[in-house]
Amino acid sequence: MASFSVSSSSTIIDARAPPSRQPSSASASSPSCISLPTLPPPPIQSQNRAAKATAYCRKIVRNVVTRATTEVGEAPATTTTTTDADSTELPEIVKTAQQAWEKVEDKYAIGSLALAGSVALWGSAGMISAIDRLPLVPGVFELVGIGYTGWFTYKNLIFKPDREALFQKVKNTYKDILGSS
């Protein structure tokens with residue numbers, strides 16, 4: 001049975017290795033030793049911090065406003081460098097969301113609903129993941145889903161009168177939720 005051990009000096013000792021053929025009798029009875037190369041030192045954190053500080057200083061330098069003057073008595077000509085924040089505008093959807101948030105009267109209730117919704121979404125994802133690990137259950141659910149999709153397509157989407165009735169039902173539900181305006 002081979003036995004390997006690692007000592008603190010990064011040396012592996014193989015007990016099954018044949019003894020070395022040196023004239024010394026003490027070395028013939030000891031196991032063979034193999035030395036491992038040492039690992040490089042870990043990276044120094046201060047170099048990483050220095051790189052971040054340099055990048056931050058370069059970012060500050062880009063935001064400097066310069067003013068060039070001409071000869072005495074003439075109006076100064078100004079040139080400015082554009083920053084990333086000045087040149088980019090918010091997308092339209094963000095502006096719309098900000099305006100809608102400003103119109104909300106009960107922001108605490110909306111925030112609570114958003115938090116409760118995210119917790120419910122997280123919980124349901126965990127529950128679905130747990131069900132998915134059970135044997136045979138995911139396959140059965142997949143068959144049920146395929147069957148229901150086929151039934152729904154046959155019942156509501158194939159024929160024109162059924163399709164129009166479905167669209168009307170969706171529009172009525174939409175009006176009921178948002179109100180008729």
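Biologist: Which residues is Asn156 in contact with, leaving aside its neighbours within four places in sequence?

Modeller: They are Asp162, Arg163 and Leu166; contact means heavy atoms within 4.5 Å. This is a predicted model, in which local features need pLDDT of at least 70 and side-chain atom pairs count only at pLDDT 80 or more, while totals for chains, interfaces and linings use all residues. Residues are numbered from 1 along each chain as its sequence is written, and side-chain values use heavy atoms, with hydrogens and water left out.

Biologist: Why is Asn156 called buried?

Modeller: Its relative accessible area is 17%, and buried means under 20%, exposed over 50% and partly exposed in between (1.4 Å probe, protein chains only). Asn156 therefore counts as buried.

Biologist: Where is Asn156 found?

Modeller: Asn156 lies in helix α6, residues 137–157. Helices are DSSP runs of H or I with at least four residues, numbered from the N terminus.

Biologist: What makes Phe152 partly exposed?

Modeller: Phe152, also in helix α6, has 28% relative accessibility, so it is classed as partly exposed. Not counting residues up to four places away in sequence, Phe152 touches Leu157 and Leu166.

Biologist: Why is Ile131 described as partly exposed?

Modeller: Because its relative accessible area is 30%, Ile131 is placed in the partly exposed class. Ile131 belongs to helix α5.

Biologist: Which helices each supply at least two residues of the nonpolar patch?

Modeller: These are α5 (107–132) and α6.
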